[in-house]
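I opened this model to see how its inside is put together. My notes follow in the order I looked things up.

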Amino acid sequence: MGHPAPPNGMKKKKVVSVAEKAGVQITANDVSTCHRLPGGSSGPKSLIAKIVRRNTKHKLMKNKRNLKITNISVNDDLTPIRAKISRELRKRVNVASVHTV
């Protein structure tokens, strides 16, 4: 038997905490919804969140490099084909960064 899932408010607090570590000030009202992704029992499960405003999401994505010293990563939730395109573009030498809309 597993541990009971924390309430949604606790998950939103985690998203706010990660954003603050990245240097972006948000509140729980900036998070539309969030939930844990299903996965194996080893390690913490990934958390997926929908940010209400696009400009807030862009700030978070721009500042995610501030999380490099932690074991936290922030990524877009892309379809498999878009993830492949993004990965291929990042491999190119003359591409500095890849952004999705």
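**Core.** I began with the largest nonpolar core, which has 14 residues. Among its members, Val 15, Ile 26, Val 31, Leu 60 and Val 74 touch the most other members. A nonpolar core here is a set of buried Ala, Val, Leu, Ile, Met, Phe, Trp, Tyr and Cys residues joined through side-chain atoms within 4.5 Å. Buried means under 20% relative accessible area, exposed means over 50%, and partly exposed is in between (1.4 Å probe, protein chains only). H1, S1 and H2 each give two or more residues to this core. H1 gives the most, with five residues. In soluble globular proteins, nonpolar side chains tend to be buried together.

**Ground rules.** This is a predicted model, in which local features need pLDDT of at least 70 and side-chain atom pairs count only at pLDDT 80 or more, while totals for chains, interfaces and linings use all residues. Residues are numbered from 1 along each chain as its sequence is written, and side-chain values use heavy atoms, with hydrogens and water left out.

**Overall layout.** I then stepped back to the whole chain. The protein chain has three helices and two strands. From the N terminus, the elements run α-β-β-α-α. Helices (H or I, at least four residues) and strands (E, at least two) are DSSP runs, numbered from the N terminus. The C-alpha trace spans about 50 × 30 × 25 Å along its principal axes. The chain has 101 residues, and 20% of them count as buried. I also checked contacts, meaning heavy atoms within 4.5 Å. Of the contacts with a separation of 6 or more, 34% join residues 24 or more positions apart.

**Val 31.** Not counting residues up to four places away in sequence, Val 31 touches Lys 12, Val 15, Ile 26, Ala 49, Lys 50, Ile 51 and Val 52.

**Helix H1.** I looked up two residues here. Ala 19 lies in H1. Is Ala 19 buried or exposed? Ala 19 counts as buried, because its relative accessibility is 1%. Beyond its neighbours within four places in sequence, Ala 19 contacts Val 24, Ile 26 and Leu 60.

Val 18 is buried, with a relative accessible area of 15%. With neighbours within four places left aside, Val 18 is in contact with Leu 67, Ile 72 and Val 74. From Val 18 to Ile 69, I read 13 Å C-alpha to C-alpha, at 51 residues apart in sequence.

**Helix H2.** Which residues of H2 are buried? They are Thr 56, Leu 60 and Met 61. Seen down the axis of H2, its buried residues fall within an arc of 135 degrees, so they line one face of the helix. The arc is that of the directions from the helix axis to the C-beta atoms. On the other side of H2, Arg 54 and Lys 62 are exposed.

I took Thr 56 separately. Thr 56 counts as buried at 12% relative accessibility. Leaving aside neighbours within four places in sequence, Thr 56 contacts Ile 26 and Ile 51.

**A loop residue.** Ser 41 lies in the loop between S1 and S2. Ser 41 counts as exposed, because its relative accessibility is 78%. I also checked Ser 41 against Ala 96: they are 55 residues apart along the chain, and their C-alpha atoms are separated by 36 Å.

I finished with the pockets. The largest pocket holds about 1200 Å³ of space. On a 1 Å grid over the protein atoms alone, a pocket is an open set of points where a 1.4 Å probe fits, with protein on both sides within 12 Å along at least five of seven lines; lining residues have an atom within 4 Å of a point. Grid points are joined across faces, edges and corners, and a volume is the space filled by probe spheres set on the points. The largest pocket is lined by 35 residues, and Leu 47, Ile 48, Ala 49, Val 74 and Asn 75 are the closest to its centre.

The second largest pocket has a volume of about 660 Å³. Its lining has 24 residues, and the closest to its centre are Met 61, Lys 64, Val 74, Arg 90 and Val 98. H2 and helix H3 (80-91) each give two or more residues to this lining.
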